[in-house]
Amino acid sequence: MKGKSKEAEIKRINKELANIRSKFKGDKALDGYSKKKYVCKLLFIFLLGHDIDFGHMEAVNLLSSNRYTEKQIGYLFISVLVNSNSELIRLINNAIKNDLASRNPTFMGLALHCIANVGSREMAEAFAGEIPKILVAGDTMDSVKQSAALCLLRLYRTSPDLVPMGDWTSRVVHLLNDQHLGVVTAATSLITTLAQKNPEEFKTSVSLAVSRLSRIVTSASTDLQDYTYYFVPAPWLSVKLLRLLQCYPPPEDPAVRGRLTECLETILNKAQEPPKSKKVQHSNAKNAVLFEAISLIIHHDSEPNLLVRACNQLGQFLQHRETNLRYLALESMCTLASSEFSHEAVKTHIETVINALKTERDVSVRQRAVDLLYAMCDRSNAQQIVAEMLNYLETADYSIREEIVLKVAILAEKYAVDYTWYVDTILNLIRIAGDYVSEEVWYRVIQIVINRDDVQGYAAKTVFEALQAPACHENLVKVGGYILGEFGNLIAGDPRSSPLIQFNLLHSKFHLCSVPTRALLLSTYIKFVNLFPEIKTTIQDVLRSDSQLKNADVELQQRAVEYLRLSTIASTDILATVLEEMPPFPERESSILAKLKKKKGPGTVTDLEEIKKERSSDMNGSAEPASVNASAVSTPSPSADLLGLGAAPLANSAPPPSSSGSLLVDVFSDSPSAVAPLAPGSDDNFASPDLASSEVVSEEPADTVHDADELFHKFVCKNNGVLFENQLLQIGLKSEFRQNLGRMFIFYGNKTSTQFLNFTPTVICSDDLQSSLNLQTKPVDPTVDGGAQVQQVVNIECVSDFMEAPILNIQFRYGGTFQNLSVKLPITLNKFFQPTEMSSQDFFQRWKQLSNPKQEVQNIFKAKHPMDAEITKAKIIGFGSALLEEVDPNPANFVGAGIIHTKTTQIGCLLRLEPNLQAQMYRLTLRTSKEAVSQRLCELLSEQF
Amino acid sequence: MWKIHFILLFSRQGKLRLQKWYTTLPDKEKKKIIREIVQIILSRNQKTSSFVDWKDLKLVYKRYASLYFCCAIEDQDNELLTLEVVHRYVELLDRYFGNVCELDIIFNFEKAYFILDEFIIGGEVQETSKRSAVKAIEDSDMLQETVEEYMNKPAF
């Protein structure tokens with residue numbers, strides 16, 4: 001039936017459209033009345049949901065009619081149907097121009113509405129200069145002023161560059177004093193938006209807004225007549241004024257500040273008074289003002305008394321019978337939780353919030369409760385909150401599960417005192433909501449288990465037990481497979497989890513899993529071959545079976561073939577090296593946090609996180625130094641996923657790691673240096689043709705060091721790139737450093753088509769350097785085929801601070817000639833930096849402590865590069881220290897802090913860089929506890945700017 | 001930034017009765033948004049709050065008789081006051097039509113738009129006084145014949 005009526009409607013409409021079209025196209029010119037009639041019909045049809053592709057011209061014609069009704073319909077059609085980039089805009093603009101000049105307030109109103117409705121750039125170009133004049137002209141009628149203010153606001157939002165600031169701005173501010181409350185209301189919106197972008201210029205609006213607000217909140221409920229809404233005086237204007245004040249810090253003038261505090265107190269007091277009406281409109285309007293006042297209190301974050309009162313008020317609302325108020329109270333408290341003054345007060349409501357999570361019927365409200373629990377979480381209540389969130393997750397709406405999973409994962413990591421709790425929590429997450437556990441979450445648990453040897457045995461035991469469940473989520477199989485592959489040996493002593501039982505347990509899941517998981521399990525099996533030689537033959541039998549060796553999936557087949565071969569031909573020593581335990585992951589911001597931020601968009605999450613970071617040292621910051629097994633890990637197959645992490649492509653293989661590497665790229669997306677594939681010459685900054693020509697390979701045995709200072713210095717703030725290049729050879733670097741350890745991959749690329757013979761790279765340290773820097777390298781294949789690339793790993797340990805750089809000497813035969821060249825290897829002291837965040841107060845305290853003249857080194861130097869603040873910041877961060885914001889009273893200066901880790905000591909370092917744009921100079925000051933370190937860091941960093 | 005992004009009026013059957021956009025979007029996108037939002041709101045039951053998170057915006061809605069009024073506002077905006085924006089608009093319609101009903105809005109859609117324009121411009125409240133807003137509309141009515149006189153309303 002429904003279909004039939006729909007069909008009838010379409011038929012009827014098509015007939016009508018055909019009729020209108022013929023009228024418009026007809027020979028007889030239509031009079032204004034008919035034109036209006038048909039344009040109105042088209043609008044009606046459009047609003048029924050049908051497309052309209054004609055009639056625009058007729059509507060534009062109506063604009064220039066002198067009859068109000070025709071004009072009005074024309075404008076309506078245009079505001080509904082003409083999108084901003086229509087070609088008609090020029091014609092429309094013309095008509096608008098005439099109406100604006102007409103001095104007829106009704107026509108002017110229509111024109112202004114139209115500009116605001118369309119709001120295109122062309123309109124801004126045409127009218128942004130004119131409207132401010134209308135707005136502040138003495139003879140403009142109030143209603144036109146109102147329209148002009150909001151119209152200008154719309155244009156400013158579309159094209160702020162086209163709205164010129166000027167004389168009118170100060171006069172607009174004074175509209176806050178206007179007699180007509182409608183004008184004040186419209187003007188306040190405009191001023192608020194302008195003030196956000198130009199706070200200085202609109203600073204005087206603060207005191208005017210405060211006095212206006214004060215007059216409103218102290219007025220009797222009927223004083224404002226028409227602007228009283230259900231016994232609440234001017235709620236719209238009050239909210240807008242409170243909004244405007246949120247563009248500024250608390251007023252500096254004590255009188256203004258006092259008056260504002262009084263206003264806020266009055267608003268809070270009124271909340272406790274009995275309602276003047278039972279109507280919901282009354283309480284909504286009253287509470288709208290109250291919530292906005294609380295937002296301002298939170299924004300100022302300076303009056304503990306008001307903050308606590310606000311918190312108590314919201315606490316009352318948490319139990320209110322109105323769902324809307326409970327929702328808003330939860331939302332508001334979220335921001336309150338991040339203020340140090342009210343964090344504790346918010347925490348007292350934890351039981352109510354948990355109860356809301358359990359009993360609220362509206363998913364929007366439950367969502368707010370989750371947000372609030374997340375915001376109020378700290379070390380003292382983390383276990384309870386995580387437990388409650390897990391509980392809730394079992395029944396949570398599908399729409400919010402993923403977010404809860406991320407939040408639980410973040411809280412569990414951040415507040416883990418006991419990492420067995422962390423492991424349990426994540427496994428619970430996978431058990432309860434496996435489908436919603438994103439890759440980031442299970443990658444992260446693996447990173448943490450690998451980095452913390454105190455939890456590895458427990459993790460192995462727990463995953464082993466969890467895998468016993470007859471049906472377990474594939475994510476658990478992944479985590480289980482990975483962890484047992486690394487640490488299964490830690491529980492193999494127990495006969496209940498003997499190697500064979502572990503293997504059988506994993507293999508029982510194998511056939512139910514997807515290809516990537518099966519690939520991971522195959523890697524686990526080959527790791528088992530190394531861990532448990534006693535089950536080698538069982539595993540080989542599995543690898544050898546047709547379902548593996550002849551698997552239709554190329555990846556699985558390749559792994560089976562390669563692993564089988566590896567297990568057959570490699571000696572135990574080689575197996576042990578190749579399949580060694582994974583080295584710790586570099587510490588970095590949790591990728592889960594990044595994911596949550598992305599999911600929630602910019603806004604509250606970010607803010608809260610940043611504030612919370614200061615309050616509690618998160619796990620990343622407080623991780624104890626994990627022991628790094630400095631020897632290299634090479635991968636059995638270039639396509640190994642997790643196992644291949646951090647290892648470079650195999651020698652002689654094609655330069656960039658193929659797509660297989662991408663599985664983990666996401667995890668490291670915060671850190672550009674870690675995974676960026678190093679293809680020779682891929683890094684634009686190191687584009688080399690011009691440099692290549694400056695380096696001439698000596699034809700005779702010679703020992704000159706190719707200083708290539710410029711390239712060397714570039715590596716001070718970077719870890720990857722091309723170190724050297726000439727016609728024959730390119731040397732690329734990729735390195736990672738963590739605390740006092742590091743690993744550098746050197747890639748030697750033969751650019752010719754001829755073999756290099758007797759290719760011998762040697763890393764040379766002077767005697768001095770040898771005692772402070774411990775370098776281990778493995779020899780490389782002496783033959784490098786034309787076009788091929790070989791790789792060499794250098795393991796680095798910084799024993800104590802050092803000045804010089806090691807030298808990389810390379811000798812080889814090319815054609816008939818012997819080549820010998822040397823370059824400085826950019827292993828510099830700053831690589832062993834660990835950034836340290838600290839407050840301004842801490843910074844200056846430490847700065848003072850290091851006031852011994854020997855601890856300070858200063859250098860004043862000319863800028864070698866354009867003085868760009870963003871680039872400077874990036875360089876300071878690349879240098880390895882933390883960049884501290886808002887520490888130096890002069891915002892143009894840069895301040896950093898970090899700790900240099902050596903095997904023997906740790907050296908705290910503070911730095912300050914003061915640019916002088918006019919002179920194109922910098923002054924760099926380094927303060928550390930050791931003179932030589934200050935000296936060296938200062939030298940290195942001075943070369944960077 | 002503080003403003004209403006768009007306002008939608010639709011019936012309990014999901015029929016759109018009025019749409020007002022304060023941000024520029026292609027028609028296709030608008031249609032998609034309307035479908036999505038109508039579906040979200042109609043699927044919520046009675047006892048829930050009036051607020052729904054939607055993308056990076058927040059929907060504030062209320063039902064009056066057979067019509068839903070829904071505004072999309074920014075996350076930081078004042079939800080309660082937005083509810084009262086809706087209510088004030090209903091009051092203005094009521095004052096103009098006298099006991100407004102869905103049919104009034106269907107057949108006098110242009111009036112519904114004019115009244116809205118007097119009340120809100122570019123997503124910001126222009127005039128909160130009921131008297132001023134209605135007076136503006138009545139003034140303009142003095143300038144024109146009644147709609148019925150010249151419009152043969154299509155009968156569907």
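The questions and answers below concern a predicted model of chains A and B.

In this predicted model, local features need pLDDT of at least 70, side-chain atom pairs count only at pLDDT 80 or more, and totals for chains, interfaces and linings use all residues. Residues are numbered from 1 along each chain as its sequence is written, chains are lettered from A and ligands numbered from 1 in the order in which they are written, and side-chain values use heavy atoms, with hydrogens and water left out.

Student: Which residue of β5(A) stands opposite A:F724?

Tutor: β4(A) is joined by 5 bridges to the antiparallel strand β5 (residues 729-738) of chain A. In β5(A), the residue opposite A:F724 is A:I731.

Student: What is the phi of B:K55 in the turn between β3(B) and β4(B)?

Tutor: Strands β3 (residues 51-54) and β4 (residues 57-64) of chain B run antiparallel, joined by 4 bridges; B:V52 has B:L59 as its bridge partner. The two strands form a hairpin with 2 residues between them, and B:K55 in the turn has a positive phi of about 50°.

Student: How many residues of helix α4 of chain B are buried?

Tutor: Helices are DSSP runs of H or I, at least four residues long. Buried means under 20% relative accessible area (1.4 Å probe, protein chains only). Among the buried residues of α4(B) are B:F109, B:Y113 and B:F119. For this mostly covered helix (residues 109-119), the count is 10 of its 11 residues.

Student: How much area do chain A and chain B bury between them?

Tutor: Contact (heavy atoms within 4.5 Å) links 75 residues of chain A with 64 of chain B. Buried area is the accessible area (1.4 Å probe) that two parts lose on being put together, summed over both. Of this area, 55% lies on carbon and sulfur atoms, and the total is about 6,300 Å².

Student: Which residue of chain B forms a salt bridge with A:K240?

Tutor: A salt bridge is a side-chain nitrogen of Lys or Arg within 4 Å of a carboxyl oxygen of Asp or Glu, and 7 are counted between the chains. For A:K240 the closest N and O atoms are 3.7 Å apart, and the partner is B:E124.

How values were computed:
Pairing = 2+ DSSP bridges. Buried < 20%, exposed > 50% of the residue type's maximum accessible area, 1.4 Å probe, protein only.
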